[in-house]
Amino acid sequence: MAKYAINEGLTVPGTYSDTIEAAKYRQEGEYFVFYADGSFTKKVLTVDAALIKTIRIVDR
């Protein structure tokens with residue numbers, strides 16, 4: 001699994017900030033969904049896309 005930094009270092013009000021471990025992520029409509037497996041069946045985190053400005057891979 002990879003580590004993803006969401007909005008790392010941003011100080012913009014109304015954004016979500018976190019670092020999580022997930023195998024993959026994708027945008028599904030108005031949300032970014034992070035998954036624990038490559039088959040997109042086990043969700044780790046779901047976040048409103050409007051709250052996310054950057055997603056950076058920290059470690060693979």
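**Entry 1: Arg26 and Phe40.** I looked up Arg26 and found its charged end over the ring of Phe40, 4.1 Å from the ring centre. I applied this rule: NZ of Lys or CZ of Arg within 6 Å of the ring centre and within 35 degrees of the ring normal. I note that the model is predicted, that local features need pLDDT of at least 70 and side-chain atom pairs pLDDT 80 or more, and that totals for chains, interfaces and linings use all residues. Residues are numbered from 1 along each chain as its sequence is written, and side-chain values use heavy atoms, with hydrogens and water left out.

**Entry 2: salt bridges.** I found two salt bridges in the structure, taking as the criterion a side-chain nitrogen of Lys or Arg within 4 Å of a carboxyl oxygen of Asp or Glu. I recorded Arg26 as partly exposed at 35% relative accessibility and Glu28 as partly exposed at 28%; buried means under 20% relative accessible area, exposed over 50%, and partly exposed in between (1.4 Å probe, protein chains only).

The other salt bridge joins Arg56 and Glu8 at 2.5 Å, N to O. Arg56 belongs to strand 6 (residues 55-59) and Glu8 to the loop between strand 1 and strand 2 (18-22), so this pair ties together parts that are 48 residues apart in sequence. I took helices (H or I, at least four residues) and strands (E, at least two) as DSSP runs, numbered from the N terminus. Arg56 is partly exposed at 40%, and Glu8 is partly exposed at 45%.

**Entry 3: aromatic pairs.** I used ring centres within 6.5 Å for Phe, Tyr and Trp (its six-membered ring), with planes under 30 degrees apart counted as stacked, over 60 as edge-to-face and the rest as tilted. The count by this rule is five aromatic pairs. Tyr4 is in strand 1 (residues 2-6) and Tyr25 in strand 3 (residues 24-28), so the pair ties together parts 21 residues apart in sequence. Tyr4 is buried at 7%, whereas Tyr25 is partly exposed at 32%. Tyr4, Tyr25, Phe32 and Phe34 form one aromatic cluster.

Entry 4: I found an open sheet of three strands in the order 3-4-5, with antiparallel pairing; two strands pair if DSSP finds at least two bridges between them. Strand 3 and strand 5 (43-48) are at the edges, each with a single partner strand, so one side of each has no neighbour in the sheet. Strand 4 (residues 31-35) pairs with strand 5 in the antiparallel sense over five bridges. The bridge partner of Phe32 in strand 5 is Val47.
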